[in-house]
Amino acid sequence: MSDLAQLVDLDAYLARRVTVRNAGGGRGYDAGVRAFDCPLCGDARGRGWLHVVGFAAGCWNAGCAAEPRLLGGAVEWVRRVEGLRSRGEAWALLHREYPRSVAAPRPPDRSAPTQDFCRLPDGLEAAWRTGGVLEREALAFMARQWGLGPEDAERWGLGRARAGRYAYRVVIPVVMGGRAVSFQARSFRGAEPKYLTARSERLGDLPPECGRPASALLFNVDAARSGADVVLVEGAGDVMGFARRARSRWVPVALLGQALTPQKLALLAALRPRAVAVALDAGEAEARRAQDHAADLSAWDVAPTVVMAQWRGAKDAGGGADLEVVGGVSFARIVRERVGG
């Protein structure tokens, strides 16, 4: 059973919204698949489907918006059916009204890591006072990209690699709970993709390098104590650049990307911050995404106050921009109205 399925009873939700066609067995019911008439396209032949264990969803009716598999899975399906603004609101609705009172026991999965661990790349060089050619090249990149020097590299435990998958990249450990649980590696010679994240699952014959998937990672989360004011940024470089320059009440925490997943929301909610500001990179698409994140944070009741912020002077914190809080723009009331709370 997936982590999400241990928290939410999707069968209870479906019982209110649709008539399950394969409830008598067969057609994948025993494997967790529920078939029904799709409310998204009006199909009346039982072609809609949802996996109550794996949280996937879709429809086999040609032309349906969910055909054949809906991006965002069951949570996105609920969002569309309920007419909500964001997946965070949908998840909040499910978690509040259809919680699984007793988590079903789950047998251990011996094919995947069961606890936190992190194996940093072989041959990683973490000394920043040697004056080597590779060191100078990496330091020049970090100074240009994030405004960091050797002392900052040592503070954050940064390293660099000469060979292998992470060659010519700055390796950034992700520390959670006082220890490294994963890492990212940023290219400094223009290689694509710019960022590589430690493998958390088996890919072919390659062993995992850490026990946490990227969807459950936050950078600098240990610095955010209970009651802190947290500013959510995109990348680890934003955190390091902002922390180096700014004397601010806002504690920077990076999403390590643009996605605000249920796992990350749960981690933030556990911090019990006083306020959360959302400050993604500059741009129209990023601004819309930041508004969605603010709605999700309010739907989860992560903090009493959720505000929008923006960067002035550059596109992000890593580039030397200054943080400007737009104001006390809280989405809590809007979200409560939308989910009927």
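Where is leucine 255 found? Leucine 255 lies in the loop between β9 and α8, and that loop is one of the views described below. The model is predicted: local features need pLDDT of at least 70, side-chain atom pairs count only at pLDDT 80 or more, and totals for chains, interfaces and linings use all residues. Residues are numbered from 1 along each chain as its sequence is written, and side-chain values use heavy atoms, with hydrogens and water left out.

**Figure 1. The chain as a whole.** The chain holds 10 helices and 12 strands. Helices (H or I, at least four residues) and strands (E, at least two) are DSSP runs, numbered from the N terminus. Of the 341 residues in the chain, 46% are buried; buried means under 20% relative accessible area, exposed over 50%, and partly exposed in between (1.4 Å probe, protein chains only). Among contacts between residues at least 6 apart in sequence, 55% join residues at least 24 apart, where contact means heavy atoms within 4.5 Å.

**Figure 2. Leucine 255 in the loop between β9 and α8**. Leucine 255 has a relative accessible area of 0% and is therefore buried. Its C-alpha is 6.9 Å from that of leucine 232, 23 residues away in sequence. With neighbours within four places in sequence set aside, leucine 255 contacts Leu217, Leu218, Leu232, Val233, Glu234, Leu260, Lys264, Leu280 and His293.

**Figure 3. Leucine 256 in the loop between β9 (250-254) and α8 (262-271)**. Leucine 256 is buried, at a relative accessible area of 16%. Leucine 218 is 38 residues away from leucine 256 in sequence, yet the two are 6.5 Å apart, C-alpha to C-alpha. Leaving aside neighbours within four places in sequence, the contacts of leucine 256 are Val174, Gln184, Leu217, Phe219, Glu234 and Ala236.

**Figure 4. Surroundings of helix α3 (residues 73-82)**. Seven of the 10 residues of α3 are buried, so the rest of the structure largely encloses this helix. The buried residues are Gly73, Ala74, Val75, Glu76, Trp77, Val78 and Val81. Their cover includes α2, β1 (33-36), β2 (48-51), β3 (57-59) and α4 (87-97). Just after α3, glycine 83 takes a positive phi of about 70°.

**Figure 5. Helix α2 (residues 10-17) against α3**. The two axes come within 13 Å and cross at roughly 25°, which makes α2 roughly parallel to α3. Axes are lines fitted to C-alpha atoms, for helices over the stretch in contact, and angles run from 0 to 180 degrees between N-to-C directions. Angles under 35 degrees count as roughly parallel, over 145 as roughly antiparallel, 65 to 115 as roughly perpendicular, and the rest as oblique. The contact is made by Leu10, Tyr13, Leu14, Arg16 and Arg17 of α2 and by Ala74, Trp77, Val78, Val81 and Glu82 of α3. These residues divide into seven nonpolar, no polar and three charged. Ala, Val, Leu, Ile, Met, Phe, Trp, Tyr, Cys and Pro count as nonpolar, Asp, Glu, Lys and Arg as charged, and the others, Gly among them, as polar.

**Figure 6. Helix α3 against α4**. The axes of α3 and α4 are 8 Å apart and the helices pack at an angle of about 90°; they are therefore roughly perpendicular to each other. Val75, Glu76, Val78, Arg79 and Glu82 of α3 meet Arg87, Ala90, Trp91, Leu93 and Leu94 of α4. By class, this contact has six nonpolar, no polar and four charged residues.

**Figure 7. Helix α4 against α9 (residues 284-299)**. The axes are 7 Å apart, at an angle of about 15°, so α4 and α9 are roughly parallel to each other. From α4, Arg87, Gly88, Glu89 and Ala92 take part; from α9, Ala295, Asp296 and Ala299. The contact has three nonpolar, one polar and three charged residues.

**Figure 8. The largest nonpolar core**. A nonpolar core is a set of buried Ala, Val, Leu, Ile, Met, Phe, Trp, Tyr and Cys residues joined through side-chain atoms within 4.5 Å. The largest has 86 residues, and those with the most contacts inside it are Trp77, Met142, Leu158, Phe219 and Leu297. Helix α5 (residues 133-146) gives the most to this core, with six residues. Apart from it lies another core, of eight residues, among them Ala161, Phe183, Ala185 and Ala198.
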